[in-house]
Number of protein chains: 2
Amino acid sequence: MTNASTTATCSQCTQRDVCFPVDLEPSQRVRLDQLSIRRIRIKRGEHLFRDGDAFKALFTVRSGFFKTGLATETGHEQVTGFQMAGEMLGLDGIVTERHMGSAVALEDSEVCAIPYTRLAELSRELPAMQQHLHKAMSREIVREHQMMLLLGSMRAQERLATFLLNLVKRLHARGFSESELVLRMTRAEIGSYLGMKLETVSRLFSRLTQEGILTVHQRHVCIADAGRLLGHESQAAIH
Amino acid sequence: MTNASTTATCSQCTQRDVCFPVDLEPSQRVRLDQLSIRRIRIKRGEHLFRDGDAFKALFTVRSGFFKTGLATETGHEQVTGFQMAGEMLGLDGIVTERHMGSAVALEDSEVCAIPYTRLAELSRELPAMQQHLHKAMSREIVREHQMMLLLGSMRAQERLATFLLNLVKRLHARGFSESELVLRMTRAEIGSYLGMKLETVSRLFSRLTQEGILTVHQRHVCIADAGRLLGHESQAAIH
DNA sequence: CGGGCGATTGACTTTCGTCAACGCGTGTGG
DNA sequence: CCACACGCGTTGACGAAAGTCAATCGCCCG
């Protein structure tokens, strides 16, 4: 990794609660500094880790935006997730001690690298930390079950609608609008994530715009009618 | 839960290594008995847990076969996995302390229920146990990434082929044939898991049979040509 | 032996993918 | 500062894949 990095002081970090449990005693907080967490800056387009890299650390996003994905032997790429501030990356590496996929920054970003071995040690000493880590993994499992539901049983338009509403919900929780968003990823990346082709994504945006449900200008999307975005017919649709 | 159950003595269990790390010292093995693990028998068709149930324990399958799934508000059911002996269920419950899906036995089965709180305690004391638990969760995350790849980028026939080969591989690792298997689930359940309709599953079985790649009699499947099952054209396919 | 669930098969429809052409914007280099 | 080029996005025509609806079959269990 050739990126700028500095050692962080978590006990004084303003975003600490996104990485770690909030209910630590002050005396326990200083323990976080022993984790040797490093802050790493990643420029847009660069890899945070690649498929097959040795697994040494988990990452939490401080700022910016990432995609994770994996590739088949045939060269096809599948996007498995998009991560924004406060979200964790790298959990897939624990089992084999190698990353089983790659992570790429979709805009200039900053992450905290948490050395896994030290995190494991600390979570043996602090039950709250252990619980936090277990929940992060469990949350990821639940999220992926929901993705299986989406990919396995929804139509393309429902998938896109669900995706947009999920994105805007996560952005809203971070203080952004609950109806407007700027997509950090291409149509092809959205399509890969949602199991459809980029042309289908584009056509759906057009259709939803024509129906007055969305306003789309390039990557800027405004959700005009969240109700109708998910099949709620509201009243008679005037064709 | 109204099923027969007994308290297990893990230190003497012949299947211990499927639940727990093999490299425990004898002095540490007896600690397993303090977990108050219970063996539970579940009859075919019964629930091990249901969506929304309080989460108290993780489960490992001792014998039998399970499906896990979740349901949408619209009543649609999505199968999220099939589990056989040695595999773990319930990890989705950690994050909210409620199960986020259900688990149903597809044949008469027996599981070990591992009280989560005690397991967490023990894994704070035994690093090998902690590592084992983390790996189980990470493995589940990796598995689901691969399911996203399958659902998002493969055609129906590739999905079914991948599924059958995965099943037979897991069965083979347990001492069964590497070319024959008995499906414990219906066509509808396979279809739900693989993101297709039961008619499509049935048609694919018929097509693969006609092509001499499979032999299918009800739920008994014999893989005649594993190479061709995954697009390997071998030589000229004689149509 | 009979009933019912599960599986198969057919005909038709719909959705989405494929291939191709074109347009728009952004960023870069002359 | 402008022009151009390339990546990204849009749109259309067509075709292939899978879904839907429906009828029938057959196995298994009671």
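This is a predicted model: local features need pLDDT of at least 70, side-chain atom pairs count only at pLDDT 80 or more; totals for chains, interfaces and linings use all residues.
The contact between the protein chains draws 40 residues from chain A and 39 residues from chain B. An area of about 3900 Å² is buried between chain A and chain B, and carbon and sulfur atoms give 66% of this area. On the side of chain A that touches chain B, the elements that give two or more residues are β6 (77-84), α3 (116-125) and α4 (127-153) of chain A. Of the elements on that side, α4(A) gives the most, with 21 residues. By class, the side of chain A that touches chain B is made up of 18 nonpolar, 14 polar and eight charged residues. Two salt bridges are counted between chain A and chain B, and a salt bridge also joins the side chains of K135(B) and E97(A), with an N to O distance of 3.6 Å.

Leaving aside neighbours within four places in sequence, S138(B) is in contact with L91(A), D92(A), G93(A), I94(A) and V95(A). The side chain of S138(B) reaches two backbone nitrogens of chain A, that of V95(A) at 3.1 Å and that of I94(A) at 3.4 Å. The relative accessible area of S138(B) is 0%, and the residue is therefore classed as buried.

The DNA strands are described next. Around DNA strand D there are 18 residues, of which S202(A), S206(A), A156(B), T200(B) and R203(B) come nearest. Of the atoms of DNA strand D that come within 4 Å of the protein, sugar and phosphate account for 66%. At least two residues of the surface near DNA strand D are supplied by each of α7 (198-210) of chain A and α7 (198-210) of chain B, and α7(A) gives the most, with five residues. The residues of this surface divide into three nonpolar, six polar and nine charged. Among the individual approaches to DNA strand D, an N or O atom in the side chain of R187(A) lies 2.9 Å from a phosphate oxygen, while a polar backbone atom of K197(B) lies 3.2 Å from a phosphate oxygen. A base nitrogen of DNA strand D is approached by R203(A), a polar side-chain atom of which lies 2.8 Å away.

DNA strand C is surrounded by 17 residues, and the closest are A156(A), T200(A), R203(A), S202(B) and S206(B). Sugar and phosphate make up 62% of the atoms of DNA strand C that come within 4 Å of the protein. For the surface near DNA strand C, α7 of chain A and α7 of chain B each supply at least two residues, and the largest share, five residues, comes from α7(B). By class, the residues of the surface near DNA strand C are three nonpolar, five polar and nine charged. Phosphate oxygens of DNA strand C lie 3.3 Å from a polar backbone atom of K197(A) and 2.9 Å from a polar backbone atom of R187(B). A phosphate oxygen of DNA strand C is also 3.3 Å from an N or O atom in the side chain of R219(B).

Over all chains, a search of the whole structure finds 24 salt bridges. In chain B, R174(B) forms a salt bridge with E87(B), with the closest N and O atoms 3.6 Å apart. R174(B) lies in the loop between α5 (156-173) and β10 (180-182) of chain B, whereas E87(B) lies in the loop between β6 (77-84) and β7 (88-89) of chain B, so the pair ties together parts that are 87 residues apart in sequence. In this pair R174(B) is partly exposed, with a relative accessible area of 31%, whereas E87(B), at 18%, is buried. The side chains of E144(B) and R143(B) likewise meet in a salt bridge (3.6 Å, N to O); E144(B) is buried at 0% relative accessibility, and R143(B) is partly exposed at 24%. In chain A, R228(A) forms a salt bridge with D225(A), with the closest N and O atoms 3.2 Å apart. R228(A) is partly exposed at 25% relative accessibility, and D225(A) is partly exposed with a relative accessible area of 25%. A network of salt bridges links R41(A), R62(A) and E110(A).

Key. Residues are numbered from 1 along each chain as its sequence is written. Chains are lettered from A and ligands numbered from 1 in the order in which they are written. Side-chain values use heavy atoms; hydrogens and water are left out. Buried means under 20% relative accessible area, exposed over 50%, partly exposed in between (1.4 Å probe, protein chains only). A polar contact is a pair of N or O atoms within 3.5 Å; within protein, one must be able to donate a hydrogen and the other to accept it, and residues adjacent in sequence count only if both atoms are side-chain atoms. Contact means heavy atoms within 4.5 Å. Buried area is the accessible area (1.4 Å probe) that two parts lose on being put together, summed over both. A salt bridge is a side-chain nitrogen of Lys or Arg within 4 Å of a carboxyl oxygen of Asp or Glu. Helices (H or I, at least four residues) and strands (E, at least two) are DSSP runs, numbered from the N terminus. Ala, Val, Leu, Ile, Met, Phe, Trp, Tyr, Cys and Pro count as nonpolar, Asp, Glu, Lys and Arg as charged, and the others, Gly among them, as polar. A residue is near a molecule or strand if one of its heavy atoms lies within 4 Å of it.
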